[in-house]
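The exercises below are meant to be worked with the sequence and the model open side by side.

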Amino acid sequence: MSTRTISEAQEIVQDNLDYTLFSWSKQKGLSPIAVKYGEGVYLYDYDDKRYIDFSSGLMNVNIGHSNQRVSIAVMNQMQQLSYVTPGFATKARGELGKKLASITPQGLSKTLFTTGGAEAIENAIKLARLYTGKHKIITRYRAFHGASYGAMSAGGDPRKLASDSQQVPNIIHVEDPYCYRCPFGQNFGSCKYECASHIERIVEFEGPENIAAILMEGESGSSGCIKYPPDYLKKVRAICDKHNILLIADEVMSGFGRTGKWFGVDNHEVIPDMIATAKGITSGYLPFGALIVNDKIAKHFDDYVLWLGLTYSAHPVCCAAALETIKIYEDENLIENAAAMGNYINEQIEIFKKQHPSIGDWRNTGLLGCLELVKNRETKEPMAPFNAKPDEMIIMNKVAAKIKELGMLTFVRWNYIFIAPPLCITKEQVDEGLAIISQALKIADEYVR
């Protein structure tokens, strides 16, 4: 009779593998880390190995892990009221709505609360169609807006391709303002903003009388932090105004200080008609999202039925978590810190470029950054192509494995390494994380030609 026993961590991992499904993955061969606890910018496994979290989970744990202020706020709310249907008023709901109105761009003052980012996008699309009476939505190819059918269809991320035979109709995609790999063959500075005139042309082709909204990320995220060229969003706003089209800002990832401002659009001095957001609103402590609309849209529904609703809309416990999270951003000056640490990382990456020939491009806003690795800086041949197949990810998998081995968790995708740590990170912790990435980049450097 065997007396062999397995560790607690092994048992946890096995139960997860035997009884749960992991997203975006072939289930066989997975080897997830059993995380025991988190603190600040760190996560710890059951062997007490420490990992620095350089992607804030999925760019959502903005205030850092295990801030007990949120735990206490959640506990207090649950002891008073755990749930009530969305047709009732609660103190937490009203206070959160009022607080959001004070930090959003001018004129956006009413919020429909959702359960996450995809639901915020879904409801933004529905609301745009209800309000305008039009049906087409224009979005970018290199964008991710969520994994529900409507949000997935709106995005261009290739993760949708396996299911896109059932995608939502009347979504029109446009090319991205990807200056490093301009789809129009131009160079920024000598171009004529073909990325913007392209949208104007698509509007004309599709008929402005049919287009309800243009949906844009406040700042690009998981598609590679593709930075908008100066005035790009202003040009998109002008197109919307000219043709009576709504502008929806997807701030699910770029909202709540991630870019060094409350919202990504604040970096561009653009006021959208709607903001769809989630992630940082509770810093991932509870699932929650929000669709914030301008006063004109809100007033329309004073006299017309708002045909939108969710069982868990305005969940009081989530509202309490969000309210406390926003207070933490303010009390701990996290948005200012995000801007300062982002500038510091920019300086360090300039040094890295001289040391690591595999760095083709670095794109960053606040603490939403991405290294793009190439085999040749002149030709810009990627270390792994867009939507890379497994056999095309050999190099980047080696890079990702080294990062993990050295005690870092971050998002490595295709030829991208993301740098998006929690907003509470210190300069010393930035140095710790960048030292790990530098070690991993040496692997990629070997493949440069």
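**Exercise 1.** Leaving aside its neighbours within four places in sequence, which residues is E194 in contact with?

*Solution.* Bear in mind from the start that this is a predicted model. Begin by placing the residue: E194 belongs to helix α7, which covers residues 194–206. Next, set aside the neighbours within four places in sequence, and the contacts of E194 that remain are F184 and Q186. Then follow the side chain of E194, which reaches the backbone nitrogen of K192 at 3.1 Å. As a further step, compare sequence with space: C182 and E194 are twelve residues apart in sequence, and their C-alpha atoms are 9.5 Å apart. Finally, consider accessibility, where E194 counts as partly exposed because its value of 21% lies between the limits of 20% and 50%.

**Exercise 2.** Determine how many disulfides the structure contains, and explain the result for C318.

*Solution.* A search of the whole structure gives zero disulfides. Take C179 as one case: C179 is in no disulfide, and the nearest cysteine sulfur, which belongs to C195, is 6.4 Å away. With a relative accessible area of 36%, C179 is partly exposed. For C318, the closest cysteine sulfur is in C319 at 7.1 Å, and this is too far for a bond, because the two sulfur atoms of a disulfide must lie within 2.5 Å. C318 counts as buried, since its relative accessibility is 9% and the limit for that class is under 20%.

**Exercise 3.** Which element gives the largest share of the lining of the second largest pocket?

*Solution.* First note that about 500 Å³ of space lies in the second largest pocket. Of the 21 residues lining this pocket, R93, K110, T111, L112 and L306 lie nearest its centre. Then list the elements that give two or more residues to the lining, namely α4 (91–103), β4 (108–114), β10 (289–294) and α9 (295–300). The largest share, five residues, comes from β4.

**Exercise 4.** Where are M59 and K279 placed, and is each buried or partly exposed?

*Solution.* Look at the backbone of M59, which has a positive phi of about 55° although M59 is not a glycine. M59 is found in helix α2, residues 56–59, and with a relative accessible area of 1% M59 is buried. K279, which is not a glycine either, has a positive phi of about 35°. The place of K279 is in the loop between β9 (274–277) and β10, and at 22% relative accessibility K279 counts as partly exposed.

How values were computed:
Residues are numbered from 1 along each chain as its sequence is written. This is a predicted model: local features need pLDDT of at least 70, side-chain atom pairs count only at pLDDT 80 or more; totals for chains, interfaces and linings use all residues. Side-chain values use heavy atoms; hydrogens and water are left out. Buried means under 20% relative accessible area, exposed over 50%, partly exposed in between (1.4 Å probe, protein chains only). On a 1 Å grid over the protein atoms alone, a cavity is a set of points where a 1.4 Å probe fits but cannot get out, and a pocket is an open set with protein on both sides within 12 Å along at least five of seven lines; lining residues have an atom within 4 Å of a point. Grid points are joined across faces, edges and corners, and a volume is the space filled by probe spheres set on the points. Helices (H or I, at least four residues) and strands (E, at least two) are DSSP runs, numbered from the N terminus. Contact means heavy atoms within 4.5 Å. A polar contact is a pair of N or O atoms within 3.5 Å; within protein, one must be able to donate a hydrogen and the other to accept it, and residues adjacent in sequence count only if both atoms are side-chain atoms.
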